[in-house]
Amino acid sequence: MKALLYESSQNLRFCEQPNSIADNDNTLIDVNAVGICGSDMHAYLGHDERRPPPLILGHEAAGMLPSGARVTVNPLVVCETCDYCRAGRSNLCLQRQIISMPPRAGAFAEQLAIPPQNIVPLPNSLSLQQGSLAEPLACGHHTAGLGVVHSRRSLAECQTAVLGGGAIGLASALSLTARGAKEVWIADNNPRRRKALEKTGNFHIVTPEALPTAMDVVIDAVGHEQTRRQASTITAPGGVVVHIGLASADGGFDMRRLTLQEIVLVGSYTYTMTEFKETVEWMGKGKLGALDWFETRPLSDGARAFADLLAGNVAAPKIVLIP
Ligand SMILES: [Zn+2]
Ligand SMILES: [Zn+2]
């Protein structure tokens, strides 16, 4: 099969690779659409020691089963037997794996082997390309859900802000809206991205400097020192900061203000299968907007897509590669 192989830092090659193999635990799907994630970019830059080259990256896939059924893929493979899995928090599974991280190959390829329990049928109202958005949307849905769980105020009374207008930030904002947040602000530095975000939903799109303070729920979908500093500053007393961005490991939080104002700080990682399926259901019903905020490129041109993303030359919050 053809695949986009990550060979070394900032080096991707579209080439022939051994076929993916179906076995007792894995079903084969033909990949029709696969999104580029910030974590793929992180690996491409050589910054993710969990993803050593040579490796096929990519975990946001939709495609077809041998039967012709249209499906999307939950890339998080869990054991279903540990305490976390049994308590309904499978995203914290002690043996969790994700495709695109050894021992599992990723989806920047013509075919993908994946456990059948990770396959979710796609509603007829969604294209396969839209289906590949299920993974980032599920991340945002889980993140917004943590904001709801940890907030003392009902979301209908909440001013909410999302730092970073990439796919995860937008997905979080869409879920906040669908869950009934009073107001949703999205801040992003990139003017082209702000313009692209204008049509995605009923949001206030602003530069980071223009964000108001006294936000009840703040989602940091960047995870830089500056965004953590800003989250510390703009969150209302007793409010919630949900942190999902992974740009840098530490620095930025004003722990003194978080302490004195009893601000709740919670990390967010992926989603449970229940949340993933709910996301696909909400996508199908149109509750998460028009789902038209991506651009497509051929998988064979994947190397250029990464270079363009790195250079900041992409306005759309998501590039979807087509094998
Ligand atoms: Zn992703
Ligand atoms: Zn488990």
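This is a predicted model: local features need pLDDT of at least 70, side-chain atom pairs count only at pLDDT 80 or more; totals for chains, interfaces and linings use all residues.
Colleague: Which residues coordinate the zinc ion (ligand 1)?

Modeller: The zinc ion (ligand 1) is held by C37 through SG, H59 through NE2, and E60 and E135 each through OE, at 2.2 to 2.7 Å.

Colleague: Is the site of the zinc ion (ligand 1) tetrahedral or irregular?

Modeller: The ideal angle for four tetrahedral donors is 109.5 degrees. At the zinc ion (ligand 1), the angles among the four donor atoms run from 83 to 167°, so the site is irregular under the limits of 85 and 135 degrees.

Colleague: How are the donor residues of the zinc ion (ligand 1) spaced in sequence?

Modeller: Their pattern is C-x21-H-E-x74-E. Within it, C37 and E60 link distant parts of the chain, 23 residues apart. C37 belongs to the loop between β3 (27-35) and α1 (38-44), whereas E60 is in strand β5 (residues 60-64).

Colleague: Are C37 and E60 buried or exposed?

Modeller: A residue is termed buried when its relative accessible area is under 20%. Both C37 and E60 are buried.

Colleague: What should I note about the zinc ion (ligand 2)?

Modeller: Its protein donors are the SG atoms of C79, C82, C85 and C93, which lie 2.3 to 2.4 Å from the ion. The angles among these four donor atoms are 103 to 117°, and the site is tetrahedral. In sequence, the donors follow the spacing C-x2-C-x2-C-x7-C. Two of them, C85 and C93, are buried.

Colleague: Which residues does UniProt list for the domain "Alcohol dehydrogenase-like N-terminal"?

Modeller: The UniProt record, an unreviewed entry, gives residues 25-123. Over that range the chain is 11% helix and 31% strand, and the C-alpha atoms at its ends are 25 Å apart.

Colleague: How does the domain assignment divide the protein chain?

Modeller: The assignment gives domain 1 as 2-133 + 291-322 and domain 2 as 139-267. The C-alpha centres of these two domains lie 26 Å apart.

Colleague: How many residues of domain 1 are in contact with domain 2?

Modeller: On the side of domain 1 there are 10 residues, in contact with 14 residues of domain 2. Between them the domains bury about 910 Å², of which 57% is on carbon and sulfur atoms. In domain 1, the residues losing the most area to domain 2 are W293, A315 and P317, together 54% of what that side buries.

Note on methods: Residues are numbered from 1 along each chain as its sequence is written. Chains are lettered from A and ligands numbered from 1 in the order in which they are written. Side-chain values use heavy atoms; hydrogens and water are left out. Donors are N, O and S atoms within 2.8 Å of the metal (3.2 Å for Na, K and Ca); water is not among the atoms, so sites may look incomplete. Four donors count as tetrahedral if all angles lie between 85 and 135 degrees; four count as square planar and six as octahedral if opposite donors are over 155 degrees apart and all others between 65 and 115; anything else is irregular. Helices (H or I, at least four residues) and strands (E, at least two) are DSSP runs, numbered from the N terminus. Buried means under 20% relative accessible area, exposed over 50%, partly exposed in between (1.4 Å probe, protein chains only). UniProt positions are given in the numbering used here, feature names are shortened, and annotations may be inferred rather than shown by experiment. Domain bounds come from an automatic or database domain assignment. Contact means heavy atoms within 4.5 Å. Buried area is the accessible area (1.4 Å probe) that two parts lose on being put together, summed over both.
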